[in-house]
Amino acid sequence: MNKIIDGKLFAEGLRASLAKKISYVKENHGFTPGLAVVLVGEDPASQVYVRNKGKQTTEVGMKSIEHKLDESTSQEALLKLISELNADDSVHGILVQLPLPKHIDEPTVLDSINYEKDVDGFHLMNVGMLNTGADGVVPCTPLGCIMMLKDRLGDLSGKSAVVVGRSNIVGKPMAALLLQESCTVTIAHSRTKDLPAVCREADIVVAAVGRPKMVLGDWIKPGAAVIDVGINRIEVDGKTKLVGDVDFDSAEPVAGAITPVPGGVGPMTIACLLHNTLQQACRLHKVDMPKD
Ligand code: NDP
């Protein structure tokens, strides 16, 4: 088997399966899942993400609603819009693109989204559900990682996993998901002592650090699965190149399976957002999510 985990291909498969399920709920339950994306300001990277999200949302047959607000929008006006979207029955998922301008308090905004329409899994209610093993919505990037790991390795039970990074959006939920799969989980961070030795013990290494090529091949146990969440832009010969947190060239020969950057975890994130939107739409309409 090819040791490179092709996230682009995996995401295509997930979107195709979602498109079938969406067409099923439209025909059998009479609703079209709708995703509202709110962008405040003109951050160029955020504009690209929002455009891609909108395009992929309509491609799988869902309704895409975009709200582009001026950089100077007040927190009060943003909260009012979210309250309207919370009350709108045609909207099943609400995503506020981060980062928000400095004058707006992100936690206040994220928690104003009805947790039943939270598709990022950032609402405290969904965070709590994930950490208590309830069936809530899971943050998109770790969800994509766990889907690819289970697809490649099957049962993860008993495997030792190291997650490097402890952010609320990647590291912590990733660790919670691995724990749910009965892995023995270590969460490493900037204060971890002898990180290479910690990683060398692991059957699964998930790198979510934001430091280009930090995890080297000799940190990896031969045959281990390596999931590289990092997206770092570096200059090579005057050109910008995307690299992960793992030094792919030295890690790939040692690993049993590895995600590349680009083309690994990245493409799965939007596909999982669409998955979460369908999941919330089914919940709000009190129907089961269609099976594969
Ligand atoms: P954060 O900056 O929020 O967190 C980084 C984590 O890495 C922190 O917990 C930090 O530790 C830890 N860390 C930093 N330096 C070291 C070090 N030298 N040794 C060990 N641990 C270290 O980042 P995010 O979690 O938001 O993102 C991580 C990466 O994933 C980024 O490259 C980001 O671009 C990418 N990303 C990719 C996504 C995708 O769709 N593929 C989605 C989201 C993020 P401490 O807590 O101690 O400071």
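Helices (H or I, at least four residues) and strands (E, at least two) are DSSP runs, numbered from the N terminus. The model shown is predicted, so that local features need pLDDT of at least 70 and side-chain atom pairs count only at pLDDT 80 or more, while totals for chains, interfaces and linings use all residues. Residues are numbered from 1 along each chain as its sequence is written, and side-chain values use heavy atoms, with hydrogens and water left out.

**View A. Glu84 in helix α3 (residues 75-87).** Glu84 and Gly210 lie 126 residues apart along the chain, and their C-alpha atoms are separated by 36 Å.

**View B. Packing of helix α1 (residues 7-29) with helix α6 (residues 140-153).** The two helices pack at an angle of about 100 degrees, with their axes 11 Å apart; axes are lines fitted to C-alpha atoms over the stretch in contact, and angles run from 0 to 180 degrees between N-to-C directions. That angle makes α1 roughly perpendicular to α6 (65 to 115 degrees). Gly7, Phe10 and Leu14 of α1 make the contact (heavy atoms within 4.5 Å) with Met147, Met148 and Asp151 of α6.

**View C. The hairpin of strands β8 (residues 232-236) and β9 (residues 239-243).** The strands run antiparallel and are joined by five bridges, where pairing requires that DSSP finds at least two bridges between two strands. Asn232 has Val243 in β9 as its bridge partner. Two residues lie between the strands of this hairpin, in which Asp237 takes a positive phi near 50 degrees.

Notes. Angles under 35 degrees count as roughly parallel, over 145 as roughly antiparallel, 65 to 115 as roughly perpendicular and the rest as oblique.
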